[in-house]
Amino acid sequence: MAKMKAIRKLGARAGMEVVDTDLPRIGPHDLLVRVRATSVCGTDLHIYKWDAWAQSRLKPPLTIGHECCGEVVEVGASVQGFKQGDYISAESHIPCGHCFQCRTGLQHICSNLSILGVDVNGCFADYVSIPAACAWQNDPSLPVEIGSILEPMGNAVYATLIEDVAGRSVAVFGCGPTGLFSCGVARAAGASLVIGIDLNPGRMELARKMGADHVIAGNDPELLDKIARLTGGLGIDVVLEMSGAPAAVKTGFRILTKGGRYTAFGLPSGPIELDFANDIIFKGARVLGINGREMFTTWYKMMGLLKSGRLKPDPVVTHKFRLEEFDKAFAAMQSNEVPCGKVVLLP
Ligand SMILES: [Zn+2]
Ligand SMILES: [Zn+2]
């Protein structure tokens with residue numbers, strides 16, 4: 001049987017290994033995809049480090065990776081709409097198709113959700129099997145680096161555009177990849193003011209490149225005054241919380257204008273204390289949680305923004321390595337010296 005290279009978690013311990021393994025077998029509803037580029041997510045770093053979340057969720061052995069694009073090389077017998085040679089990107093959320101959420105247009109938060117590279121073998125490999133229901137057809141002209149980051153960029157598109165941002169002020173807390181994409185999306189969608197907030201000067205610079213009008217250090221003692229000046233004392237219309245840091249969550253509610261929208265995406269490592277009465281009730285805040293991307297409303301919006309040329313995600317891809325060099329990828333993500341956006345791995 002044909003063999004391929006894959007980055008796998010072989011046992012319940014830190015690290016990952018490059019192994020030769022069998023090609024995935026596909027079912028009648030699946031596509032076999034030759035991976036052309038795959039990008040590394042914070043989730044993969046949790047898995048690499050084997051932290052408490054990873055220990056509770058993963059069942060090794062498992063091939064890691066859930067953000068990728070590639071060429072369809074085999075099509076399951078019951079699949080319609082895809083053929084050999086198609087260039088696709090993967091939606092990592094694999095819905096069951098029959099639960100309440102799936103039947104009411106919320107497949108992306110399916111009650112029986114599986115995630116590529118977390119619950120089933122993923123795409124840090126030469127080949128990956130994905131359900132055709134999770135494939136997105138790309139234009140052949142889309143560079144593979146961009147094809148590999150559509151899934152995480154989709155998080156930002158969904159989080160930013162779940163409500164209109166045109167003519168509104170937007171503050172993005174946390175300028176990691178999702179926050180950086182969000183700055184670009186808010187700018188492309190006509191926000192009147194985009195403010196990027198982070199602690200790392202390199203990331204703040206990237207936020208500027210992605211279209212932030214202003215960047216402010218999260219620990220700047222004048223942060224509240226600066227926001228007040230920039231918004232004529234009104235506060236921010238739309239807060240996008242991409243950091244998961246408790247201090248940022250608190251500050252986000254403080255700078256939100258009354259009746260504003262607070263979008264929660266960044267994952268805190270534990271419960272966070274809120275001033276429920278003042279931050280949410282008296283403020284009339286709309287707090288919207290974001291998990292994943294809408295299947296596939298978000299993808300259509302994202303492609304529209306990319307095709308228009310208004311959303312230019314290139315500055316977010318800061319590193320490229322060969323697939324086997326995954327150790328370098330995880331080192332780059334944990335280094336504070338060179339600002340790290342998305343790291344793309346090429347098989
Ligand atoms: Zn991810
Ligand atoms: Zn479901």
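Welcome! What you have open is a predicted model, in which local features need pLDDT of at least 70, side-chain atom pairs count only at pLDDT 80 or more, and totals for chains, interfaces and linings use all residues. Residues are numbered from 1 along each chain as its sequence is written, while chains are lettered from A and ligands numbered from 1 in the order in which they are written.

**The overall view**

Switch to the C-alpha trace: along its principal axes it spans about 65 × 40 × 35 Å. The radius of gyration of the protein chain is 20 Å, which agrees with the value near 20 Å for a compact globule of 347 residues (taken over C-alpha atoms; the globule rule is 2.2 Å times the number of residues to the power 0.38). Of the 347 residues, 47% count as buried; that label needs 20 or more other C-beta atoms within 10 Å of a residue's own, with 12 or fewer meaning exposed, anything in between partly exposed, and C-beta atoms placed from the backbone.

**Into the core**

Next, select Val170 and Val172. Among the 95 residues of the largest nonpolar core, these two touch the most other members (such a core is a set of buried Ala, Val, Leu, Ile, Met, Phe, Trp, Tyr and Cys residues joined through C-beta atoms within 7 Å). Now colour helix α5, residues 150–161: with 7 residues, this helix supplies the largest share of the core. Domain 1 (3–149 + 313–346) and domain 2 (155–289) each contribute at least three residues to this core, the bounds coming from an automatic or database domain assignment.

Zoom in on valine 170. Leaving aside neighbours within four places in sequence, its contacts are Val165, Ala186, Ala191, Leu193, Val194, Val238 and Leu240 (a contact means C-beta atoms, placed from the backbone, within 7 Å).

**Backbone stops**

Go to proline 61, in the loop between α2 (52–57) and β4 (62–63). The peptide bond leading there from proline 60 is cis, with omega near 0 degrees.

Phenylalanine 296 sits in the loop between β16 (286–289) and α11 (297–308).

Finish at tryptophan 50, in the loop between α1 (42–49) and α2. Its phi is near 60 degrees, a positive value in a residue other than glycine.

How values were computed
Helices (H or I, at least four residues) and strands (E, at least two) are DSSP runs, numbered from the N terminus. Two residues are in contact if their C-beta atoms, placed from the backbone, lie within 7 Å.
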